Amino acid sequence: MIKNYFKIAWRNLKKNKVYSFINIFGLALGMSVTIMITLWVVDELNFNKFFENHDQIAQIYQSQTANGQVGTGQAIPRPLEFLLRKEYGDNFKKISMSSWNTSMYLQYGDNTISKNGNFMQEEALDIFTPKIVKGEANGLKEKNSIMLSESTAKALFGNENAIGKVVKINNKSDMMVTSVFEDLPTNTDFDLLEFIMPWKHYITRQSWIEDAVDSWGNNSFQMFVQIADNTTMEGVTSKVLDSKIKANPSEAEFNPQIFLLPMKDWHLRSNFENGVQSGGRIENVWLFTIIGAFILFLACINFMNLSTARSEKRAIEVGIRKAIGSNRKQLINQFLSESLLVVLFAYVLSIIIVLLSLNGFNYLASKQIVFPWSNIQFWAFSLLFILFTALISGSYPALYLSSFKPIKVLKGTFRTGRYAALPRKVLVVTQFAVSIVLIIGTLIVMSQIEYSKNRPIGYDKGGLIQIPVMSEEFIGKQDFMRNQFLASGGVVEMSTSSSPTTAIWSNRGGYTWDGKPEGFQENFSWTEVSAEYVKSLGMKIIEGRDFSREFATDSNAVLVNKTAIEYMGITNPIGKFIRDENLENPDPPMQIIGVVEDVITQSPYEPVKEGLYVFDKEGNANYYNLRLNPNKSVSDNLNSIERTFKTHFPNLPFRYDFIDEQYAQKFASEERVASLARVFTILAILISCLGLFGLASFVAEQRTKEIGVRKVLGASVCNLWILLSKDFVKLVIIAFLIATPIAFYMMSQWIQKFAYRTDISWWIFLAAGLGALVITLITVSFQSIKAAIANPTKSLRTE
Amino acid sequence: MIKIKDLEKFYSTDEVRTIALNKLSFNVNDGEFVAIMGPSGCGKSTLLNILGLLDDPDGGSFEFNGIEVAGFNERKRADLRKHTIGFVFQSFNLIDELTVYENVELPLIYTGVKADERKKRVKEVLEKMQIMHRCKHFPQQLSGGQQQRVAVARAVVNNPKLILADEPTGNLDSNNGNEVMDLLTELNEVGTTIVMVTHSEHDAKYSHRIIRMLDGQKVTENVLV
């Protein structure tokens, strides 16, 4: 029986090549999108699952309130470690403090490389269980030890054995390699953990870190924990929530709340809005899951429409089968077998499409997804997926076709009724409504990105590079190097800063000024800069003056940004002082000498943070900012800069970043969404058009006789074209009317999450509607014109 | 074999209600060959559809092999149909996508006959119908007479007790038509009951009894043998 089903299905496929192609290819496109999105979603959901203890791992987070606004982040103070260990130790199996992931120079002999890593406590090895390939299991016992990832060891030592070798870090400390661990996979939050050094080394590296040991206000560290076996994340959070306030009531004004963010939330749900967890990448996971489901549905609709459209041809067969004894169930099974066969072919084709496009997809999504050949779950999913798709696309045609009354079809009186085409019309409208929503959505995402990209950023990011200068070798050489670079001819100005141009690394509070409102809890971004900072970046002074080497007093001067002036509530700021609230602080107060235009350092979608640019008296430079010579080519400039750099730092690799590229990174996440959405939209349109093409050819075929009669009676090709196309145009217009409010509602919600956002303009809807119309006309016209120019004598003879 | 009494069937459209069968009653005995004649629209085909369990009467009783079948649901009808009734249509109604062999095999598949047995029986019946040499061909590759022979083969392959033939020669020339009528007569001679609707007096002469209908009612009944 089954064999018979498949036999007839196969012959039907062979006989109707165009329909079969549309069905199989359309479904294959839809299925490959679904498979790709599923692989992506699984990758996202499996983020950090690499860690054995992932169910028990959490990071300690802190929320603090300033001026009624709750800010949440990973930064915590050092004394919290001792408090949690001593008072709340029962709740944890392991606790480890950690530095931020920082970039450092690792030198062995003549070979210096730049790698990223953390300083952590020994317990981190029990929490994260990195796989040790060589050396000691606990490589953090000794203060001057370093653990390297396999690739770092390879880059540094080649094929030599790394264990026992001494590596110079930032030209300062000598660390001995104690173990080598397997590289951590990219779908973890520690893919940039290329070395680990002991925390006990870190706390002696710089005096401010040492001093932070009892400073509850210095939130500059991270803490990872593994909770005890008999506890839950929520349970532990409820215990430690007020630990900081209880231990240190003087912090009460900021209402610090300590809580655990479970590892499963790090990647997907790490956004906080005014203290409340508010999603994150999980929204993209949902978005793409929905898009994937819809695209598959669009492809299934093609199958349904083409199968039912051809029903008159199949009706006789149904009648005969019923007459000679088939019951309805057997017919349903037969039609489902046919859809199963089509889906099976489509699946094979879709796997090929996925394999061919996986690289491109990985590039768009910035992922490293590998096709899961050996994953049983994937093949089990595939089986279910095939059955599910066959059921979705095949059930309506099966129910419809098997319902025909044999006496009617066998007598030849069978005609599909006036309303028989209605479900097909509804499905076409659905297809186009989904496609139009996708078009509008993609256009709005793109226009929001474009809008934010065009936002004035407050400096000139083109022709600007930064060189990280964290190695000890750079200390005290700022002015010297500036002169060297200027003399090289590749640079027209150079400055230094304590943080990169595109990020804020330090925030400070605890200041007072004349007219400061009572109870105001200020928090400024804090950047220490050299005298030429404004000039080298191309920032604008809107009031007062720039730093100047002419005035010795400028070492106590400060530039503030425009937002800070409004924030502080002062008028005529020039000459006013910002003082430390702590009267015992021996530093002189800072005098405002100028106001600069706001510079976007953080999110281009958010308001600029109130900021202070203070004169760097102590040489806290972490970056050189170099304005390239506009009269020379970039490569010439880079060559002369590198030559100068290598002359003075022969042992260090020449590392630099283009600021415009760094700035573009800020849009990466949204651009990824946009480019994926663009691809999916194009596929959705393509699938819908395939279906439309099939339906148009069906209608043209069905109306051959009518077209012939009309032609004989004098209808022109144009008349006939309009006749055959207008039904489809009507459907697209209905789809547009349905899609517009849905898209408008959804996108208004989406765009709310950006503080700096574009208006949703009417032309986007118009463009989407017209676009859909034009695409429809092109698709339909091919068939309708072909039918219209056919010789009428031929079509009239077809009876 | 068949006992119908006061059988009624109506067709309704929005405005008109047409009476297709008007309290029709007659019997058909086992092994009989009955021809039903009458002008177009007199209700012959409706009758044949009801007899073939393809359609349900609106009133009256229909006893098939001693069982009252009026009011059977679709499933029960299909079940009874596939085991006991064979159909021969004017327009042959072969499935274009299946070969001659597969078309004839189909009823056996639906009645759940095993593969070996199917092969044997299809071969037998095709040989009997002298169409075995065409068994791998598709219906469009055959002449009308050959197609109808295949259709008859399909109708009898299950050894049905009753064959319902709806103008079996209507689409055939006289030579081919006579061949088909001879086939039906042979089947009847070995015990198969046949009810045939026809316009042709010539064909009707092959039967034992002619029932003439008008406006859904029986007008006359001539016994020929």
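Start by selecting A:Arg579, which at 33% relative accessibility counts as partly exposed. Keep in mind throughout that this is a predicted model. Show the side chain of A:Asp514 as well, and you will find that A:Asp514 and A:Arg579 meet in a salt bridge, at 3.2 Å from N to O. A:Asp514 sits in the loop between strand S18 (511-512) and strand S19 (524-529) of chain A, while A:Arg579 belongs to strand S22 (residues 577-580), so the pair ties together parts that are 65 residues apart in sequence.

Next, stay in chain A and select A:Glu123 together with A:Arg85, whose side chains form a salt bridge of 2.9 Å, N to O. Because A:Glu123 lies in helix H4 (residues 123-128) and A:Arg85 in helix H3 (residues 79-87), this contact joins parts of chain A that are 38 residues apart in sequence. A:Glu123 is partly exposed, with a relative accessible area of 22%, and A:Arg85, at 30% relative accessibility, is also partly exposed.

Now move to chain B and select B:Lys9 and B:Asp55, a salt-bridged pair with the closest N and O atoms 3.4 Å apart. The two residues link distant parts of the chain, 46 residues apart, with B:Lys9 in strand S1 (residues 2-12) and B:Asp55 in the loop between helix H1 (44-51) and strand S4 (59-64).

Finally, return to chain A and select A:Asp479, A:Arg482, A:Glu493, A:Glu532 and A:Arg549, which are linked in a network of salt bridges. Over all chains, the structure holds 49 salt bridges.

Technical notes:
Residues are numbered from 1 along each chain as its sequence is written. Chains are lettered from A and ligands numbered from 1 in the order in which they are written. This is a predicted model: local features need pLDDT of at least 70, side-chain atom pairs count only at pLDDT 80 or more; totals for chains, interfaces and linings use all residues. Side-chain values use heavy atoms; hydrogens and water are left out. A salt bridge is a side-chain nitrogen of Lys or Arg within 4 Å of a carboxyl oxygen of Asp or Glu. Helices (H or I, at least four residues) and strands (E, at least two) are DSSP runs, numbered from the N terminus. Buried means under 20% relative accessible area, exposed over 50%, partly exposed in between (1.4 Å probe, protein chains only).
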